[in-house]
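Reader: I am new to this structure. Please take me through one part of it closely, then show me what surrounds that part.

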Amino acid sequence: MDVVIERAVGLLAGRARCRIADAYRHLFRMAAEQSREPVEVAGRVIRLLDAADGPPSPFAGRELIADRLAAVEELANLGWGEWDLVTGEIYWSPQLYRIYQRDPALGPLTGGELSRAALEAAQGRDRVELVARVRIGERFRRLRAVADTLRDAEGRPVRMFGIVQDVTEQPVSAQRLAEVEQKLDEQRRAAAAEHNLTLRLQEIILPIPDEPIELPGLKAAVRYLPAGQETMVGGDWFHAAALRDGSVLLAVGDVAGHGTQAASNMAQLRHALRALTVVDSDPAILLGHLNRLTCELERETPELAATAVIARFDPRRRELVWAQAGHPPPLLCRGGRTAPLARPSGPMLGVVEDATYQAAVTDFRPADVLLLYTDGLVEHRTHGLDTGLDAVMAAVDDAVRAAPLQPLAELVGRLRRANPDDDTCILAVRPSTGGTRDLRRYLQQQA
């Protein structure tokens, strides 16, 4: 019988696409298979169909069937009843009395909105479903009724069998769902507002030039590739500017994280670097200062970490001095072949407060191309770092071969971020033919 009840409850829940009245009929029909005796439910004797011959079920019994049926009614907050349209006799189950808060001694209600509506509907249909607002005691309740009509040979309605369910609490659930949706909408608006704020902040502190940057002895091109998700504006940054001594400072950095906080930390590091170059231009020393600043910021923003690479180009010597802090090494394309520069030592920013950084020196010749980038260009969650690095080096080689006289525009146009969850900043530079004129102006000013 437990299986019978379980299947009936499943039908009541709609899993078998069966209406409530059908579920009750199914319950009685399956109960009939387990007992040949008449079943008394709430004082009423129901004679079940004969079952096939077989051993008696240990779950058979009038009391158990009545208990299970009452439990199903209470679980679904519904009751059932029959209405003899010929004699006017009406039967209610105990749960139906509880729904209407009516004393069983008074008997069923003989009128009411549900009864009239069901009777009117029965004139044209064998099954009716309706929801009515009914005053019960001091409160209004919402009752859902499902009724089947039985007809005689001439098609006249003679009996109705129906289920009444109290669905008053369902609008409360709908209201709660609406509240949740409203909160989610507010969160989406807040996230959109934060995203717009971050974009404005990023445009202010990190303007990306549309055209190549002309610097003493160098020409540079910048490209910023935001993360695939709009809400994931990150902390990647670049710096390319001439110094007072005629050299050029180049830098690319990456602050961990996304959103307003990452953009704010990125702004502080970028502006700090610009200010520090007034007193010193050595890349290793500059990284030491940025590291101490990052450690200070980490006290306000726990787990803050950042990486950076800084290079200083001397146009007179055609020499590049650079240092890095946990950052991917620059790529140098020379003679149509691209390779990463050997990295000097240097930990990430914000990890070791008294960290020291080493510098490396390399010459930077005409027709060379140097690429500084953040890790979003080469790192991807589905393949290794070497695979991404090889793809970028191949793209640099192809760009230089395709446009040897103007490789920068071709290069930044070909490169794509490898990681859709991370933004990418690319700074590509090459010696310019106007470098001699720029240097001559500088020398004339010094004379």
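Author: A definition comes first. A nonpolar core is a set of buried Ala, Val, Leu, Ile, Met, Phe, Trp, Tyr and Cys residues joined through side-chain atoms within 4.5 Å. Buried here means under 20% relative accessible area. Keep in mind that this is a predicted model.

Start with the largest nonpolar core. It has 49 residues, and Leu250, Leu287 and Leu427 touch the most other members. Take Leu427.

Five strands form an open sheet in the order β10-β11-β12-β13-β16, with antiparallel pairing. The edge strands are β10 (234-242) and β16 (360-363), and each pairs on one side only. Neighbouring strands are turned by 15° against each other on average, direction ignored. Strands of a sheet pair through backbone hydrogen bonds. Look inside the sheet at β12 (residues 306-314) and β13 (residues 319-325). Seven bridges join these antiparallel strands. Ala311 stands opposite Trp322 in β13. Helix α7 (residues 260-276) lies across β10, β11 (248-258) and β12. The helix runs at about 20° to β10.

Move to another strand, β3 (residues 78-84). Is β3 mostly covered or mostly open? It is mostly covered, and seven of its seven residues are buried. In a regular strand the side chains alternate between the two faces of the sheet. In β3, Leu78, Trp80, Glu82 and Asp84 point one way. Gly79, Gly81 and Trp83 point the other way. Residues pointing either way are buried.

What pairs with β3? Strand β7 (residues 157-166) is joined to β3 by seven bridges, and the two run antiparallel. Gly79 stands opposite Val164 in β7. Strand β4 (residues 90-92) is joined to β3 by three bridges, also antiparallel. There Glu82 stands opposite Tyr91. β3 and β4 form a hairpin with five residues between them. Gly88 sits in the turn and has a positive phi of about 85°.

How values were computed:
Residues numbered from 1 in each chain as written. Predicted model: local features only at pLDDT ≥ 70, side-chain atom pairs only at ≥ 80, totals over all residues. Heavy atoms only, no water. Buried < 20%, exposed > 50% of the residue type's maximum accessible area, 1.4 Å probe, protein only. Pairing = 2+ DSSP bridges. Helix = DSSP H or I, 4+ residues; strand = E, 2+ residues; numbered from the N terminus. Axes fitted to C-alpha atoms, helices over the stretch in contact; angles between N-to-C directions. Contact = heavy atoms within 4.5 Å.
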